[in-house]
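Me: I have a model open and want to talk through how it is put together. Can we start with the helices?

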Amino acid sequence: MRHLRTANNILRSSAVSGTPLRTTSSLLQNQRPLLDQPTLSSHSVAGAIAVTRNAPWNGPLARPFSHTATCQKKKGGKKNHNSDSPADNNSAAEPTPSSGGAGAEADGVNPFDFTDLQNAFDRAESHFSEELKKLRSGGRFNAEVIGAIPVQPDKKQPAQTFPLRELATVAPLGGRRWSILAFEEGSVKPIVSAVQRSPEFNQQPQRSADNPLELTMTVEPERADALARRAKEVCQAWRVRVRDDAHRRAVQHKKWRGEGVVLSDDAHKLKDKLQKLQDERMKGILAKEKEVIAAVMARAS
């Protein structure tokens with residue numbers, strides 16, 4: 001059968017190339033047993049090795065087993081993934097928090113960030129500094145306090161009020177006398193009623209004979225000791241506000257400690273930092289209090 005297959009292959013190749021065909025018998029005669037074929041000599045083997053050495057290297061057709069990753073089994077029968085897989089690389093790249101502060105930062109919380117507390121302290125300072133500014137300028141004896149009197153333009157709408165400064169102009173006339181110049185005729189009577197209801201002034205402004213839109217009033221200046229006492233009250237309220245803001249932050253620190261967000265060492269550091277910020281604000285309040293009282297007493301002398 002092998003001889004017949006060989007003959008058929010030769011016939012097909014001859015038909016394609018156009019070479020003359022030979023008979024099957026001649027083909028069979030040329031076929032010799034394998035034992036009768038000449039063997040390779042040492043010279044032919046050496047020549048083949050030389051040709052092989054001079055030929056270019058194209059690499060192996062298949063990857064050897066030495067380059068293939070081994071598959072090991074875990075406890076429980078599951079195989080390990082390749083060490084080059086993305087999941088293993090990501091897990092190796094992620095840092096493991098070594099302390100409470102690092103873990104908190106990974107969760108988006110930075111315990112050592114006191115920005116919220118600083119903002120609360122700044123809001124309190126802005127509010128109470130404005131109050132001290134009014135006392136320093138003479139208490140009720142200034143245009144800002146008079147201009148802040150609430151005025152009710154319409155009696156049918158008691159909830160709708162406006163500051164006096166939006167309905168009139170407040171200006172000093174000299175000494176203790178002040179001028180209130182209304183923008184409209186309809187605002188004169190509501191302004192008079194507002195000044196009468198005010199607990200700080202409790203008087204009726206007088207109409208000017210030259211201008212029907214102008215009102216005049218006399219303000220009794222507060223005594224220096226009364227202004228100093230009010231300045232101390234304002235500063236004490238300021239201190240209470242600072243302590244309350246710091247206490248809320250301390251409660252948050254305690255909560256973080258219970259949840260394990262911060263460790264014991266970090267909790268002590270946070271406590272020291274909080275106390276330092278509170279002490280700095282308290283020193284600023286004391287300095288502001290002394291400054292206002294000194295200014296009030298200097299005006300009285």
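Me: At what angle do helix 6 and helix 9 pack, and how far apart are their axes?
Reply: This is a predicted model. In it, the angle between helix 6 and helix 9 is about 170 degrees, and their axes are 10 Å apart. Angles over 145 degrees count as roughly antiparallel, and helix 6 and helix 9 are therefore roughly antiparallel to each other.

Me: Which residues meet there?
Reply: From helix 6 they include L117, F121, A124, F128 and L132. From helix 9 they include L227, V234, W238, V242 and R249.

Me: How does that contact divide into nonpolar, polar and charged?
Reply: The contact of helix 6 with helix 9 has 15 nonpolar residues, two polar and seven charged.

Me: And helix 10, how does helix 9 pack against that one?
Reply: Helix 9 (residues 224-259) and helix 10 (residues 264-300) also have an angle of about 170 degrees, with axes 10 Å apart. That makes helix 9 roughly antiparallel to helix 10. Their contact comprises 20 nonpolar residues, three polar and eight charged.

Me: OK, cores. Which residues touch the most other members of the largest nonpolar core?
Reply: L132 and W238 do, in a core of 27 residues. Helix 6 (115-136), helix 9 and helix 10 each supply at least two of its residues. Helix 9 gives the most, with 10 residues.

Me: What does W238 touch?
Reply: Leaving out residues up to four places away in sequence, W238 touches A124, E125, F128, S129, L132, I285 and K288.

Me: What lies apart from that core?
Reply: Another core, of 21 residues, lies apart from the largest one. I149, V192, A194 and L215 are among its members.

Me: V192 is in helix 8, then. Which residues of helix 8 are buried?
Reply: In helix 8 (residues 188-197) the buried residues are V188, P190, I191, V192, A194 and V195.

Me: What covers them?
Reply: The cover includes strand 1 (150-151), strand 3 (168-174), strand 4 (177-182), strand 5 (206-207) and strand 6 (214-218).

Me: Buried or exposed?
Reply: G139 has a relative accessible area of 5%. Buried means under 20%, so G139 is buried.

Me: What does G139 touch?
Reply: K134, V145, E222 and L227, not counting residues up to four places away in sequence. As for E200, 61 residues from G139 along the chain, the C-alpha atoms of the two are separated by 10.0 Å.

Me: Overall counts. How many helices and strands are there?
Reply: The protein has 10 helices and six strands. Buried residues make up 27% of its 301 residues. Of the contacts with a separation of 6 or more, 61% are between residues 24 or more positions apart.

Me: What about confidence, what is the mean pLDDT?
Reply: The mean pLDDT is 76, and 63% of the residues reach 70 or more.

Note on methods
Residues are numbered from 1 along each chain as its sequence is written. This is a predicted model: local features need pLDDT of at least 70, side-chain atom pairs count only at pLDDT 80 or more; totals for chains, interfaces and linings use all residues. Side-chain values use heavy atoms; hydrogens and water are left out. Axes are lines fitted to C-alpha atoms, for helices over the stretch in contact, and angles run from 0 to 180 degrees between N-to-C directions. Helices (H or I, at least four residues) and strands (E, at least two) are DSSP runs, numbered from the N terminus. Angles under 35 degrees count as roughly parallel, over 145 as roughly antiparallel, 65 to 115 as roughly perpendicular and the rest as oblique. Ala, Val, Leu, Ile, Met, Phe, Trp, Tyr, Cys and Pro count as nonpolar, Asp, Glu, Lys and Arg as charged, and the others, Gly among them, as polar. pLDDT is the predictor's confidence in each residue, from 0 to 100. A nonpolar core is a set of buried Ala, Val, Leu, Ile, Met, Phe, Trp, Tyr and Cys residues joined through side-chain atoms within 4.5 Å. Buried means under 20% relative accessible area, exposed over 50%, partly exposed in between (1.4 Å probe, protein chains only). Contact means heavy atoms within 4.5 Å.
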